[in-house]
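Subject: Structure handover

Hello,

Here is the structure we talked about. Please open it alongside this note. My findings follow below.

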Amino acid sequence: MSKTLVQQQFGANAAAYLTSTVHAKGASLARLVELVKPGKDWQVLDIATGAGHTGAAFAPHVARVVASDLTPEMLEQVKKLAAEKGYSNMETAIADAENLPFSDASFDLVTCRIAPHHFPNIALFLSESFRVLKPGGTFALVDNVSPDPETTPGFSKAELRDAAVAYNAFEKIRDPSHGRALPTAEWLELIIDTGFVLPHREHAPKAMDFASWVKTMNVPAETVPRLKAMLDEAAPALKAFLKPGPNPNADNKLGFTLDELIAIAVKPA
Ligand SMILES: C[S@@+](CC[C@H](N)C(=O)[O-])C[C@H]1O[C@@H](n2cnc3c(N)ncnc32)[C@H](O)[C@@H]1O
């Protein structure tokens with residue numbers, strides 16, 4: 001059911017993701033390339049590529065990028081982006097992150113950015129990423145995380161647990177295909193349990209413009225006040241995490257902050 005919802009939500013709003021600032025211009029794109037240091041001869045798989053921005057960030061540096069996604073309309077946006085940028089080494093593939101249609105040990109790098117919070121089974125996504133990587137290959141993840149002691153210090157475990165539930169509810173009202181943004185510690189445990197070694201991780205806060213955030217998913221007008229009220233009335237731990245307030249990068253209109261985990265892991269050789 002949730003995968004059907006993903007295809008409905010993203011199929012209907014695919015074009016908005018080609019131009020969405022956080023997706024097209026987010027700081028984590030350049031940071032990923034800087035951290036991964038891709039090789040010229042690398043075969044790269046970008047999982048849940050959306051409009052293809054992560055694949056396109058790597059395309060000039062590698063031999064081939066397969067930009068894959070569950071939603072066919074998204075892959076049409078990828079084709080547009082690759083044509084615009086003249087990246088003839090970028091191709092598209094329909095693929096479910098939890099059941100990848102690729103051979104074992106066929107990629108040097110697997111990337112996935114701002115998407116796993118939609119996947120019903122993160123352990124399966126990680127084991128599929130591990131399987132298709134060559135020994136010594138790199139796994140590069142970026143995803144929005146939920147509040148925990150690392151992102152939101154000074155609150156009790158119970159307050160942070162409630163804040164994480166409320167944050168995920170906030171996202172789900174805006175986008176019914178949202179599954180769950182994990183807290184950092186859960187990500188790290190799952191990545192290590194899959195068999196990866198985890199040489200690097202960092203957090204990157206990102207400023208969100210409320211109006212653009214609701215527009216990208218075409219949120220019904222009657223739902224917008226409910227989302228605003230959730231920001232206004234958030235408990236202290238959630239307020240400390242989302243930091244709602246005027247966004248200096250968007251004419252001081254309402255904004256909030258999200259936190260991206262960037263993790264770079266390696267499949268042992
Ligand atoms: C926010 S967009 C991704 C953004 C993109 N990675 C970027 O860096 O700009 C989320 C994407 O995840 C895809 N998606 C969600 N669940 C999926 C799954 N199980 N397998 C593959 N793609 C999935 C959606 O179709 C959508 O295109």
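Which helices each supply at least two residues of the shell around the ligand? They are α1 (2–19) and α4 (53–58). Of these, α1 gives the largest share, with 3 residues. Please keep in mind that this is a predicted model.

First, the ligand site. The ligand is surrounded by 21 residues. Thr 54, Asp 69, Thr 71, Ala 97 and Arg 113 are the closest. Sorted by class, the shell holds 11 nonpolar, 7 polar and 3 charged residues.

Asp 69 places a polar side-chain atom 2.5 Å from an oxygen atom of the ligand. For Thr 54, a polar side-chain atom is 2.7 Å from an oxygen atom of the ligand. Asp 96 faces another element: a polar atom of its side chain sits 3.2 Å from a nitrogen atom of the ligand. How much of the ligand does the protein bury? The ligand exposes 600 Å² when taken alone, and the protein buries 99% of that.

Next, the second largest pocket. Its volume is about 240 Å³. The lining of this pocket counts 14 residues. Nearest the pocket centre lie Pro 147, Leu 160, Arg 161, Ala 164 and Pro 183. Helix α7 (residues 157–174) provides the largest share of the lining, 6 residues. By class, the lining has 7 nonpolar, 2 polar and 5 charged residues.

Best wishes

Note on methods
Residues numbered from 1 in each chain as written. Predicted model: local features only at pLDDT ≥ 70, side-chain atom pairs only at ≥ 80, totals over all residues. Heavy atoms only, no water. Near = heavy atom within 4 Å. Polar contact = N/O pair within 3.5 Å; in protein donor to acceptor, adjacent residues only side chain to side chain. Areas by Shrake-Rupley, 256 points an atom, 1.4 Å probe, with all protein chains shown as cover. Helix = DSSP H or I, 4+ residues; strand = E, 2+ residues; numbered from the N terminus. Nonpolar A, V, L, I, M, F, W, Y, C, P; charged D, E, K, R; others polar. 1 Å grid on protein atoms, 1.4 Å probe; cavity = no way out; pocket = protein on both sides within 12 Å on 5 of 7 lines; lining within 4 Å. Points joined across faces, edges and corners; volume = space filled by probe spheres on them.
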